[in-house]
Amino acid sequence: MALTTTSATAPTMATTHRPSLRGERHLFSASDDAIVMKQIQGTHTPDGRDFDVKPLMRVVEDGLRRASPTAVVTQHASVELLEDKGHQVESIELLSFTIHRIASEISFKCSGSGNDAHATTVGILHLLSTFDWDAKVVLVMAALANNYGQFGLTAQLHAVNPLAKSIATLKQLPELLEHIEVLRPRLDAVNNLIKALIDVTWCIIEFNELPPEHMGAETPEMQVALTHIPTAVYWTIRSIIACESQITGLIGLGHDYISATTEAWELSSLAHKVNNIQGHLTKQLDHCRRNIKEKQHWEAFQALERLFDTTHIDNMKILRALFYSKDEHPLIDGVTKKRVSVELLRRKIVMLFISDLDISKEELFVLVQIYNETHHGGQALERRYEVVWLPIVDRHHPWDLTKEERYNRLASDMPWYYPNNPSMIDPAVVRYVRQAWRFDKKPLMVVLDPQGKVVCPNALHMMWIWGSLAFPFTSIREEALWKEEIWRLDLLVDEIDPAIVQAIRDERYICLYGGEDVNWIKQFTSLLRRISQEVGIPLEMVYVGKSNPKERIKKVINMISTEKLSGYWQDTAMVWFFWVRLESMLHSKMQLHEKSFGTIPRHDHNHGAIVPGNFGHSAITHGNPSHGAIVPGNPHSGHEVPNGLENDQILLEVMSLLSYDSGGHPWAVIAHGSLDLVRYDGRKLLECLGQFEAWKERVEFEGFLPALRGALEPYHTHEHCTRLILPGDAGRIKERVVCAECKKPMEKFVLYQCCND
């Protein structure tokens with residue numbers, strides 16, 4: 001890409017001369033005005049020829065950094081330089097004459113009386129009119145390296161090389177070097193300016209390296225750069241002339257010139273200006289690079305979309321796109337801890353476990369157990385599917401040691417495959433996962449069939465509910481499993497607690513209860529135990545806590561244990577799994593109804609407030625929530641109940657349990673075997689049990705649960721306040737949610753909650 005701009009008529013070259021920059025200070029501001037810039041642009045008539053300036057610039061930079069007259073060069077160092085093969089430039093034979101001509105022109109103009117720095121700069125630009133801007137500045141830098149290099153080389157070698165000594169004598173360098181301490185400020189100023197010139201030159205070159213397909217000259221970002229680059233080139237060349245004036249002035253001009261300090265100040269002023277120019281160019285360059293990255297990421301994202309929309313013969317293209325195709329062994333086997341290729345996953349069902357680095361220990365523990373049940377012990381499902389962890393890391397924060405340690409700690413507990421280097425996951429993949437698969441914070445398990453096609457956008461719900469029975473974890477399999485299900489205690493508790501499973505088989509009475517009201521727990525367990533003993537029924541009571549079990553629930557469990565009130569789950573992973581299965585049932589059921597009956601339109605501005613964005617928790621409520629910052633909507637939406645929801649007993653029962661948990665209400669489910677269940681609000685149930693004497697005679701004729709069910713009928717009223725708080729991925733549920741009590745659509749709010757228990 002050529003760095004070209006429009007041209008205008010070139011002015012004639014001035015020929016007045018002056019030995020220093022004194023008297024030219026007015027040009028420090030005047031030369032930046034529009035008239036002078038038009039004059040500079042007028043010298044630019046490129047002929048389209050292009051060459052790679054970087055090899056030449058590397059030689060120039062190396063020469064300038066070594067050229068200081070105060071550097072000490074030993075014989076050993078000289079041999080190393082002679083043997084250095086890195087200074088070969090293919091195009092140097094075509095450019096050497098141009099470099100020599102510029103060097104001679106600059107030396108001549110700086111040697112005469114009355115050097116006009118601006119006129120000399122414009123004259124050099126005329127000599128280089130057919131070159132692009134980056135080539136102009138590199139060629140003039142090469143001329144500086146040529147002249148300054150000769151000066152530095154003579155100064156460095158005059159004490160050890162006879163030829164250098166003779167030339168140094170002709171240039172009166174021995175006398176100059178006797179006053180080296182007096183000259184040091186000026187030499188330091190020269191070196192500082194040269195360093196600034198090198199930096200700004202590389203910056204100009206880097207603009208030329210930008211890919212034209214993403215950052216052509218017509219783009220707004222490049223247009224801004226092209227207005228600044230001619231200014232940068234002008235001041236770079238002008239500063240080079242100032243350096244050359246200093247070098248020329250040091251030769252044979254006596255002690256008066258040596259002791260002068262004005263020139264050092266002017267060089268420092270130029271260095272400051274060049275550094276400012278370089279700073280502005282660097283910011284613009286960074287801006288261009290960010291835009292290029294965004295365009296490249298967008299193109300990669302679109303390519304990924306096309307890849308997933310295309311039918312393939314196997315899953316290799318998909319997996320290589322997800323896990324860094326440039327690495328032949330991008331994955332690590334969780335069992336052997338050895339690096340492996342994605343080839344091991346060819347034409348297998350692959351389940352992508354997508355999460356960030358904040359996976360709860362309970363979630364990972366249960367998932368590992370489910371995985372091990374099907375991949376170890378010689379079971380029938382062994383190796384029929386593979387799990388691969390796809391970690392999604394926040395790109396706005398650098399990958400540091402803390403993240404590395406957290407990643408390694410999580411990976412060490414995983415028996416499945418995971419990336420060798422998670423920071424190498426392409427940003428386009430992260431974007432696709434967030435947008436196409438709607439990953440936010442909650443983990444996902446995206447299922448790919450042997451051809452790489454997505455057959456289930458999130459199988460975690462299936463895995464939590466049915467475990468390996470859900471294989472091959474497709475949406476079709478999920479629908480088939482629900483068709484076979486009814487509301488039963490086995491579905492509610494699965495195999496979380498083997499004691500409950502055995503109690504179900506033994507046809508004993510089982511009571512599951514939850515909440516954190518300690519007084520209610522004490523009264524309820526004491527009263528229910530007394531009644532069971534009085535009517536002579538075998539009863540097992542188990543406390544299942546609340547969702548997101550934290551310190552308060554642990555204290556309740558300790559109290560239940562100490563006072564021997566009932567059974568309980570000491571392992572918080574069991575409590576977590578119980579509640580996450582309920583949430584999974586809700587999500588799975590709602591998605592199934594959405595698929596079967598179509599998406600119900602979401603609230604508009606007349607029917608409840610929807611606040612966009614991702615929230616840590618979202619609340620779907622009816623009534624007046626007692627905690628949290630609430631953004632209310634219109635409580636009188638008047639929509640009809642979505643078809644099918646009011647007849648789904650499993651969904652309504654699950655919603656009731658989650659509503660009790662969300663609202664902080666105690667609750668209980670009392671069952672006889674697996675199919676005969678009574679679920680009720682804890683406070684009303686306690687009140688009903690307190691009136692046992694009024695209905696205990698019915699127990700003898702009807703049985704305990706039918707009698708209890710009948711006794712609870714008067715407690716069922718239309719006045720209620722039900723809250724259903726769902727996790728942060730509730731946005732996936734597009735359908736309206738109905739109240740489990742009255743079957744009417746619930747009003748949607750947004751709850752901001754910070755719960756530090």
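This is a predicted model: local features need pLDDT of at least 70, side-chain atom pairs count only at pLDDT 80 or more; totals for chains, interfaces and linings use all residues.

Reader: OK, what do the side chains of Asp327 and Arg339 do?

Author: They meet in a salt bridge, with N to O at 2.7 Å. Asp327 sits in the loop between helix H14 (316-322) and strand E1 (331-332), while Arg339 belongs to strand E2 (residues 339-340), so the bridge ties together parts that are twelve residues apart in sequence.

Reader: Which residue does Glu343 form a salt bridge with?

Author: Arg346, and the closest N and O atoms are 2.7 Å apart. Glu343 and Arg346 also belong to a network of salt bridges that links them with Asp314 and Arg320.

Reader: What about Glu485, buried or exposed?

Author: Buried, because its relative accessibility is 13% and the cut-off for buried is under 20%. Glu485 forms a salt bridge with Arg488, at 3.1 Å between the closest N and O atoms. Arg488 is partly exposed, with a relative accessible area of 23%.

Reader: Switching to rings. How many aromatic pairs are there?

Author: The count comes to 28. Take Phe353 and Trp416: their ring centres are 6.0 Å apart and the planes are at 75 degrees, so this pair is edge-to-face. Phe353 is in strand E3 (residues 349-355) and Trp416 in the loop between helix H16 (401-412) and strand E5 (418-419), so the pair ties together parts 63 residues apart in sequence. Both Phe353 and Trp416 are buried.

Reader: And where do Phe692 and Trp695 lie?

Author: Both are in helix H27 (residues 692-695), three residues apart, which is about one turn of the helix. Phe692 is buried at 3% relative accessible area, and Trp695 counts as buried at 6%.

Reader: Which residues form an aromatic cluster?

Author: One cluster is formed by Trp298, Phe301, Phe308, Tyr432 and Trp437. Phe301 also has a charge over its face: Arg431 lies there, at 5.2 Å from the ring centre.

Reader: Last one, what lies over the face of Trp133?

Author: Lys136 does, at 5.2 Å from the ring centre.

Terms used
Residues are numbered from 1 along each chain as its sequence is written. Side-chain values use heavy atoms; hydrogens and water are left out. Rings of Phe, Tyr and Trp (its six-membered ring) pair if their centres lie within 6.5 Å; planes under 30 degrees apart count as stacked, over 60 as edge-to-face and the rest as tilted. Helices (H or I, at least four residues) and strands (E, at least two) are DSSP runs, numbered from the N terminus. Buried means under 20% relative accessible area, exposed over 50%, partly exposed in between (1.4 Å probe, protein chains only). A charge sits over a ring if NZ of Lys or CZ of Arg is within 6 Å of the ring centre and within 35 degrees of the ring normal. A salt bridge is a side-chain nitrogen of Lys or Arg within 4 Å of a carboxyl oxygen of Asp or Glu.
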